[in-house]
Amino acid sequence: MVFPEEIVQLIAQNCTPQQIILYGEKRTLATDKLKAASLCIVVPDGTDKHSLQQQLYLSIVADVPINLTLYTAQEWDTLLADTTSYAAWIARKGRVLYEQRA
């Protein structure tokens with residue numbers, strides 16, 4: 001189950017993500033073809049998430065629906081401390097597709 005690398009690279013080029021996490025995907029049973037996907041993007045503090053999200057939705061060209069959830073680094077770190085948060089669930093269940101190198 002490979003997620004399209006061109007979408008990951010497009011996101012990485014349009015912003016400076018700390019992480020891109022695939023946390024949901026729907027595939028056909030017969031062909032394993034991707035039908036829909038959900039991505040979490042952790043962006044630097046101070047990023048205008050709303051504008052960035054709009055920009056990303058407009059720039060991603062895909063044959064399937066892609067859902068984007070954005071968190072700033074501070075939001076992400078704070079929410080990871082709460083094991084009942086959606087962010088903590090994403091961190092546990094998701095698969096990291098991209099991680100910024102230090």
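A word on ground rules. Residues are numbered from 1 along each chain as its sequence is written, and side-chain values use heavy atoms, with hydrogens and water left out. As the model is predicted, local features need pLDDT of at least 70, side-chain atom pairs count only at pLDDT 80 or more, and totals for chains, interfaces and linings use all residues.

Let's start with the helices, which, like the strands, are DSSP runs numbered from the N terminus (helices are H or I, at least four residues; strands are E, at least two).

Who meets whom? From helix 1 we have Leu10, Ile11 and Asn14, and from helix 2 Leu52, Gln55, Leu56 and Ser59, where contact means heavy atoms within 4.5 Å.

Now the inside. A nonpolar core here is a set of buried Ala, Val, Leu, Ile, Met, Phe, Trp, Tyr and Cys residues joined through side-chain atoms within 4.5 Å. Buried means under 20% relative accessible area, exposed over 50%, and partly exposed in between, using a 1.4 Å probe and protein chains only. The largest core has 19 residues, and Phe3, Ile11, Leu39, Ile41, Ile66 and Leu68 touch the most other members. Helix 1, strand 1 (19–27), strand 2 (34–43), helix 2 and strand 3 (66–72) each supply at least two of its residues, with strand 2 giving the most, 5 residues.

Take Ile41: beyond its neighbours within four places in sequence, its contacts include Ile11, Leu56, Leu68 and Tyr71. There is also a second, separate core of 8 residues, with Cys40, Tyr71, Ala87 and Ile90 among them.

Thr72 sits in strand 3, and because its relative accessibility is 11%, Thr72 counts as buried. Setting aside residues up to four places away in sequence, Thr72 touches Val42, Val43, Pro44, Asp45, Thr47 and Lys49.

And where is Asp32? In the loop between strand 1 and strand 2. Asp32 is not a glycine, yet has a positive phi of about 60°; with a relative accessible area of 35%, Asp32 is partly exposed.
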